[in-house]
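Hello,

Here is the structure I promised to pass on to you. Please open it next to this email, and then read on for what I found.

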Amino acid sequence: MTPHPTALPRLFIGVTMPAPNKYIPYYDDIIEAMAGTGCAFCTLQLRAAERYIDALLWESVNDPRIRREVSAARGFCNHHAWLLVRPGGALSSAIIYKDVVQSAARIVQNPPAAAGSFWQRVWARLGGRTRHADALVAALSPQQPCPVCINAGEIDAHLSETVLAALAKSNDVLQHYQASSGLCLHHFRTLLSHVRRPAQRDALLAVQLEVWAALNVELAEFIRKNDHQFRGEKFGAERDAWERAIALTSGPQPAGKSQRGGLTQSL
Ligand SMILES: [Zn+2]
Ligand SMILES: [Zn+2]
(Lines give C-alpha, C1' and ligand atoms only; values in the text may rest on other atoms or scores of the structure.)
(Ligands and ions follow the chains in the order given, each with its own letter.)
Protein backbone atom coordinates (compact mmCIF):
# COMPACT_ATOMS: atom_id res chain seq x y z
CA MET A 1 0.00 0.00 0.00
CA THR A 2 1.36 3.39 -0.97
CA PRO A 3 1.84 5.81 1.91
CA HIS A 4 -0.60 8.67 2.09
CA PRO A 5 0.47 11.17 -0.58
CA THR A 6 0.08 14.16 1.67
CA ALA A 7 2.79 12.80 3.99
CA LEU A 8 5.80 13.37 1.74
CA PRO A 9 6.54 15.44 -1.34
CA ARG A 10 6.60 13.07 -4.29
CA LEU A 11 6.66 13.33 -8.08
CA PHE A 12 3.35 14.95 -8.94
CA ILE A 13 2.30 15.56 -12.51
CA GLY A 14 -1.26 16.64 -12.48
CA VAL A 15 -3.92 19.19 -11.82
CA THR A 16 -5.52 20.27 -8.58
CA MET A 17 -3.94 19.94 -5.17
CA PRO A 18 -5.48 17.38 -2.86
CA ALA A 19 -8.32 18.53 -0.67
CA PRO A 20 -7.94 17.69 3.02
CA ASN A 21 -8.56 14.04 3.86
CA LYS A 22 -8.78 13.02 0.22
CA TYR A 23 -6.49 10.54 -1.46
CA ILE A 24 -5.11 11.92 -4.70
CA PRO A 25 -2.95 9.41 -6.58
CA TYR A 26 0.41 10.59 -7.88
CA TYR A 27 2.11 9.67 -11.11
CA ASP A 28 4.22 6.98 -9.47
CA ASP A 29 1.06 5.51 -7.88
CA ILE A 30 -0.31 5.10 -11.41
CA ILE A 31 2.89 3.42 -12.57
CA GLU A 32 2.83 1.12 -9.55
CA ALA A 33 -0.83 0.24 -10.23
CA MET A 34 -0.04 -0.47 -13.89
CA ALA A 35 2.50 -3.07 -12.72
CA GLY A 36 -0.22 -4.82 -10.72
CA THR A 37 -3.26 -6.83 -11.78
CA GLY A 38 -6.21 -5.33 -13.64
CA CYS A 39 -7.08 -1.77 -14.63
CA ALA A 40 -4.71 0.66 -12.88
CA PHE A 41 -7.42 3.31 -12.57
CA CYS A 42 -9.80 0.80 -10.94
CA THR A 43 -7.06 -0.17 -8.46
CA LEU A 44 -6.51 3.46 -7.51
CA GLN A 45 -10.24 4.16 -7.41
CA LEU A 46 -10.70 1.43 -4.82
CA ARG A 47 -7.86 2.92 -2.79
CA ALA A 48 -9.40 6.38 -3.10
CA ALA A 49 -12.83 5.08 -2.08
CA GLU A 50 -11.32 3.31 0.94
CA ARG A 51 -9.52 6.50 2.01
CA TYR A 52 -12.62 8.62 1.42
CA ILE A 53 -14.69 6.31 3.59
CA ASP A 54 -11.92 6.28 6.21
CA ALA A 55 -12.15 10.06 6.41
CA LEU A 56 -15.92 9.91 6.47
CA LEU A 57 -16.10 7.33 9.24
CA TRP A 58 -13.31 8.65 11.44
CA GLU A 59 -13.38 12.38 10.86
CA SER A 60 -16.61 13.57 9.27
CA VAL A 61 -19.36 11.47 10.76
CA ASN A 62 -20.30 14.30 13.15
CA ASP A 63 -20.45 16.81 10.30
CA PRO A 64 -24.20 17.29 9.64
CA ARG A 65 -23.46 18.59 6.12
CA ILE A 66 -21.85 15.29 5.11
CA ARG A 67 -24.71 13.31 6.61
CA ARG A 68 -27.22 15.50 4.75
CA GLU A 69 -25.40 14.73 1.50
CA VAL A 70 -25.55 10.98 2.13
CA SER A 71 -29.24 11.27 3.02
CA ALA A 72 -29.93 13.28 -0.14
CA ALA A 73 -28.19 10.53 -2.13
CA ARG A 74 -30.51 8.05 -0.34
CA GLY A 75 -27.42 6.29 0.95
CA PHE A 76 -24.24 5.35 -0.87
CA CYS A 77 -24.49 3.46 -4.16
CA ASN A 78 -24.45 -0.31 -3.87
CA HIS A 79 -20.83 -0.49 -5.02
CA HIS A 80 -19.53 1.87 -2.32
CA ALA A 81 -21.97 1.23 0.54
CA TRP A 82 -20.49 -2.14 1.42
CA LEU A 83 -17.04 -0.62 1.85
CA LEU A 84 -18.45 0.82 5.07
CA VAL A 85 -18.41 -2.68 6.50
CA ARG A 86 -14.97 -2.63 8.05
CA PRO A 87 -13.51 -3.21 11.48
CA GLY A 88 -14.49 -0.27 13.63
CA GLY A 89 -16.98 1.12 11.14
CA ALA A 90 -20.24 -0.07 12.71
CA LEU A 91 -21.06 2.91 14.94
CA SER A 92 -20.36 5.57 12.30
CA SER A 93 -22.31 3.57 9.69
CA ALA A 94 -25.23 3.33 12.11
CA ILE A 95 -25.18 7.12 12.66
CA ILE A 96 -25.02 7.83 8.91
CA TYR A 97 -27.71 5.33 7.93
CA LYS A 98 -29.99 6.36 10.80
CA ASP A 99 -30.25 9.72 9.00
CA VAL A 100 -30.87 8.01 5.64
CA VAL A 101 -33.66 5.85 7.04
CA GLN A 102 -35.20 8.75 8.97
CA SER A 103 -35.21 11.04 5.94
CA ALA A 104 -36.91 8.34 3.82
CA ALA A 105 -39.51 7.85 6.54
CA ARG A 106 -40.11 11.62 6.80
CA ILE A 107 -40.76 11.80 3.04
CA VAL A 108 -43.33 9.02 3.21
CA GLN A 109 -45.00 10.58 6.28
CA ASN A 110 -45.07 14.03 4.65
CA PRO A 111 -45.35 13.26 0.95
CA PRO A 112 -44.53 16.11 -1.42
CA ALA A 113 -47.43 17.92 -3.03
CA ALA A 114 -48.25 16.55 -6.45
CA ALA A 115 -47.62 18.94 -9.29
CA GLY A 116 -48.68 18.97 -12.90
CA SER A 117 -51.24 20.29 -15.29
CA PHE A 118 -54.67 18.81 -15.92
CA TRP A 119 -53.38 16.93 -18.99
CA GLN A 120 -50.35 15.64 -17.07
CA ARG A 121 -52.74 14.33 -14.43
CA VAL A 122 -54.85 12.65 -17.12
CA TRP A 123 -51.74 11.15 -18.71
CA ALA A 124 -50.50 9.81 -15.36
CA ARG A 125 -53.89 8.24 -14.69
CA LEU A 126 -53.93 6.61 -18.12
CA GLY A 127 -50.61 5.03 -17.20
CA GLY A 128 -52.15 3.63 -14.05
CA ARG A 129 -50.18 5.94 -11.75
CA THR A 130 -51.32 8.80 -9.59
CA ARG A 131 -49.58 12.16 -9.53
CA HIS A 132 -49.09 11.61 -5.85
CA ALA A 133 -47.24 8.35 -6.37
CA ASP A 134 -45.05 9.94 -9.06
CA ALA A 135 -44.08 12.77 -6.72
CA LEU A 136 -43.38 10.35 -3.90
CA VAL A 137 -41.27 8.08 -6.12
CA ALA A 138 -39.30 11.12 -7.29
CA ALA A 139 -38.76 12.31 -3.72
CA LEU A 140 -37.58 8.87 -2.57
CA SER A 141 -35.11 8.68 -5.46
CA PRO A 142 -31.51 9.90 -5.00
CA GLN A 143 -31.46 13.69 -5.14
CA GLN A 144 -27.72 13.69 -5.81
CA PRO A 145 -25.09 11.07 -6.69
CA CYS A 146 -23.40 8.95 -4.05
CA PRO A 147 -20.68 11.14 -2.45
CA VAL A 148 -18.01 8.49 -3.11
CA CYS A 149 -19.05 8.40 -6.78
CA ILE A 150 -18.67 12.19 -6.93
CA ASN A 151 -15.18 11.78 -5.49
CA ALA A 152 -14.50 8.98 -7.99
CA GLY A 153 -15.38 11.30 -10.87
CA GLU A 154 -12.83 13.83 -9.62
CA ILE A 155 -10.21 11.09 -9.22
CA ASP A 156 -10.91 9.80 -12.75
CA ALA A 157 -10.35 13.28 -14.17
CA HIS A 158 -7.16 13.68 -12.15
CA LEU A 159 -5.79 10.27 -13.22
CA SER A 160 -6.51 11.02 -16.86
CA GLU A 161 -4.87 14.44 -16.74
CA THR A 162 -1.87 13.02 -14.90
CA VAL A 163 -1.33 10.31 -17.52
CA LEU A 164 -1.71 12.82 -20.36
CA ALA A 165 0.64 15.32 -18.72
CA ALA A 166 3.23 12.55 -18.37
CA LEU A 167 2.67 11.45 -21.96
CA ALA A 168 3.28 15.01 -23.14
CA LYS A 169 6.75 14.80 -21.60
CA SER A 170 7.82 11.28 -22.62
CA ASN A 171 6.61 7.87 -23.75
CA ASP A 172 7.54 6.24 -20.43
CA VAL A 173 3.94 6.06 -19.28
CA LEU A 174 2.99 4.46 -22.58
CA GLN A 175 5.53 1.69 -22.03
CA HIS A 176 4.11 1.00 -18.56
CA TYR A 177 0.59 1.03 -20.00
CA GLN A 178 1.69 -1.39 -22.73
CA ALA A 179 3.08 -3.82 -20.15
CA SER A 180 -0.04 -3.51 -17.96
CA SER A 181 -3.38 -5.33 -18.09
CA GLY A 182 -4.80 -2.27 -19.86
CA LEU A 183 -7.59 0.02 -18.73
CA CYS A 184 -11.15 -1.17 -18.30
CA LEU A 185 -13.59 0.14 -20.89
CA HIS A 186 -14.99 2.79 -18.54
CA HIS A 187 -11.56 4.17 -17.72
CA PHE A 188 -10.35 3.92 -21.30
CA ARG A 189 -13.35 6.04 -22.34
CA THR A 190 -12.62 8.46 -19.50
CA LEU A 191 -8.99 8.81 -20.52
CA LEU A 192 -9.93 9.32 -24.18
CA SER A 193 -12.45 11.99 -23.24
CA HIS A 194 -9.60 14.05 -21.76
CA VAL A 195 -7.26 13.75 -24.75
CA ARG A 196 -6.74 16.94 -26.71
CA ARG A 197 -3.84 15.94 -28.99
CA PRO A 198 -4.56 13.56 -31.91
CA ALA A 199 -1.11 11.96 -31.57
CA GLN A 200 -1.84 11.07 -27.95
CA ARG A 201 -5.21 9.62 -28.93
CA ASP A 202 -3.58 7.45 -31.62
CA ALA A 203 -0.89 6.22 -29.24
CA LEU A 204 -3.42 5.29 -26.54
CA LEU A 205 -5.71 3.55 -29.04
CA ALA A 206 -2.79 1.50 -30.34
CA VAL A 207 -1.76 0.37 -26.86
CA GLN A 208 -5.26 -0.55 -25.77
CA LEU A 209 -5.79 -2.46 -29.01
CA GLU A 210 -2.64 -4.48 -28.23
CA VAL A 211 -4.02 -5.26 -24.77
CA TRP A 212 -7.34 -6.42 -26.22
CA ALA A 213 -5.58 -8.47 -28.91
CA ALA A 214 -3.51 -10.32 -26.30
CA LEU A 215 -6.61 -10.96 -24.20
CA ASN A 216 -8.47 -12.17 -27.26
CA VAL A 217 -5.75 -14.75 -27.92
CA GLU A 218 -6.03 -16.01 -24.36
CA LEU A 219 -9.84 -16.18 -24.58
CA ALA A 220 -9.58 -18.16 -27.82
CA GLU A 221 -7.11 -20.52 -26.19
CA PHE A 222 -9.39 -20.97 -23.18
CA ILE A 223 -12.34 -21.74 -25.45
CA ARG A 224 -10.22 -24.15 -27.54
CA LYS A 225 -9.08 -26.09 -24.47
CA ASN A 226 -12.68 -26.48 -23.38
CA ASP A 227 -13.37 -28.43 -26.57
CA HIS A 228 -13.60 -32.14 -25.72
CA GLN A 229 -10.93 -32.87 -28.37
CA PHE A 230 -8.36 -30.96 -26.32
CA ARG A 231 -9.53 -31.85 -22.82
CA GLY A 232 -6.16 -33.48 -22.12
CA GLU A 233 -4.33 -30.17 -22.38
CA LYS A 234 -3.73 -28.39 -19.13
CA PHE A 235 -4.79 -24.77 -18.74
CA GLY A 236 -2.08 -22.17 -18.55
CA ALA A 237 -2.22 -18.44 -17.94
CA GLU A 238 -5.44 -18.30 -19.97
CA ARG A 239 -7.36 -20.13 -17.23
CA ASP A 240 -8.78 -16.88 -15.82
CA ALA A 241 -8.88 -14.95 -19.11
CA TRP A 242 -12.68 -14.90 -18.99
CA GLU A 243 -12.64 -13.23 -15.58
CA ARG A 244 -10.07 -10.70 -16.76
CA ALA A 245 -12.26 -10.03 -19.80
CA ILE A 246 -15.24 -9.29 -17.54
CA ALA A 247 -13.14 -6.94 -15.40
CA LEU A 248 -11.65 -5.22 -18.43
CA THR A 249 -15.03 -4.45 -19.93
CA SER A 250 -17.63 -4.41 -17.16
CA GLY A 251 -15.27 -3.32 -14.39
CA PRO A 252 -13.80 -5.21 -11.45
CA GLN A 253 -15.79 -7.32 -9.06
CA PRO A 254 -17.30 -5.02 -6.42
CA ALA A 255 -15.37 -5.14 -3.18
CA GLY A 256 -17.20 -6.90 -0.41
CA LYS A 257 -16.35 -6.04 3.14
CA SER A 258 -13.44 -3.64 3.42
CA GLN A 259 -10.28 -5.05 4.95
CA ARG A 260 -9.23 -1.73 6.35
CA GLY A 261 -8.96 -1.43 10.10
CA GLY A 262 -10.58 1.12 12.34
CA LEU A 263 -8.62 3.83 14.08
CA THR A 264 -10.78 4.89 16.96
CA GLN A 265 -13.69 2.55 17.34
CA SER A 266 -14.03 -0.91 18.75
CA LEU A 267 -16.77 -2.57 16.70
ZN1 LIG B 1 -11.00 0.72 -14.58
ZN1 LIG C 1 -20.83 5.36 -5.20
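To begin with, which residues does A40 touch, not counting residues up to four places away in sequence? A40 touches I30, A33, M34, S180 and L183; here two residues are in contact if their C-beta atoms, placed from the backbone, lie within 7 Å.

Before going further, a word on how to read the model. It is a predicted one, where local features need pLDDT of at least 70 and side-chain atom pairs count only at pLDDT 80 or more, while totals for chains, interfaces and linings use all residues. Residues are numbered from 1 along each chain as its sequence is written, and chains are lettered from A and ligands numbered from 1 in the order in which they are written.

**The overall picture**

The protein chain has 12 helices and zero strands. Helices (H or I, at least four residues) and strands (E, at least two) are DSSP runs, numbered from the N terminus. Of the 267 residues in the chain, 24% are buried. A residue is called buried if 20 or more other C-beta atoms lie within 10 Å of its own, exposed if 12 or fewer, and partly exposed in between. Among contacts between residues at least 6 apart in sequence, 73% join residues at least 24 apart.

**The core**

In soluble globular proteins, nonpolar side chains tend to be buried together. The largest nonpolar core in this model has 39 residues; such a core is a set of buried Ala, Val, Leu, Ile, Met, Phe, Trp, Tyr and Cys residues joined through C-beta atoms within 7 Å. A40, L44, A49 and I53 have the most contacts inside it. At least two residues each come from α1 (27-34), α2, α8, α9 (172-179), α10 (185-194) and α11. The largest share, 10 residues, is supplied by α2.

**Two helix pairs**

How do α2 (residues 40-60) and α8 (residues 147-169) pack? Their axes are 10 Å apart, at an angle of about 135°. Axes are lines fitted to C-alpha atoms, for helices over the stretch in contact, and angles run from 0 to 180 degrees between N-to-C directions. The pair is therefore oblique: angles under 35 degrees count as roughly parallel, over 145 as roughly antiparallel, 65 to 115 as roughly perpendicular and the rest as oblique. On the α2 side, the residues that meet α8 include L44, A49 and I53. The residues of this contact divide into 10 nonpolar, two polar and one charged. Ala, Val, Leu, Ile, Met, Phe, Trp, Tyr, Cys and Pro count as nonpolar, Asp, Glu, Lys and Arg as charged, and the others, Gly among them, as polar.

The axes of α11 (residues 198-225) and α12 (residues 241-250) come within 9 Å and cross at roughly 140°, so α11 and α12 are oblique to each other too. L215, E218, L219 and F222 in α11 meet A241, W242, R244, A245 and L248 in α12. Seven of the residues in this contact are nonpolar, none is polar and two are charged.

**Two single residues**

L164 sits in α8 and is in contact with H194, V195 and Q200, leaving aside its neighbours within four places in sequence. Is L164 buried or partly exposed? L164 is partly exposed, because 19 other C-beta atoms lie within 10 Å.

R74 lies in the loop between α3 (64-72) and α4 (78-81). Phi of R74 is near 60°, a positive value in a residue other than glycine. Most residues other than glycine have a negative phi.

Happy exploring!
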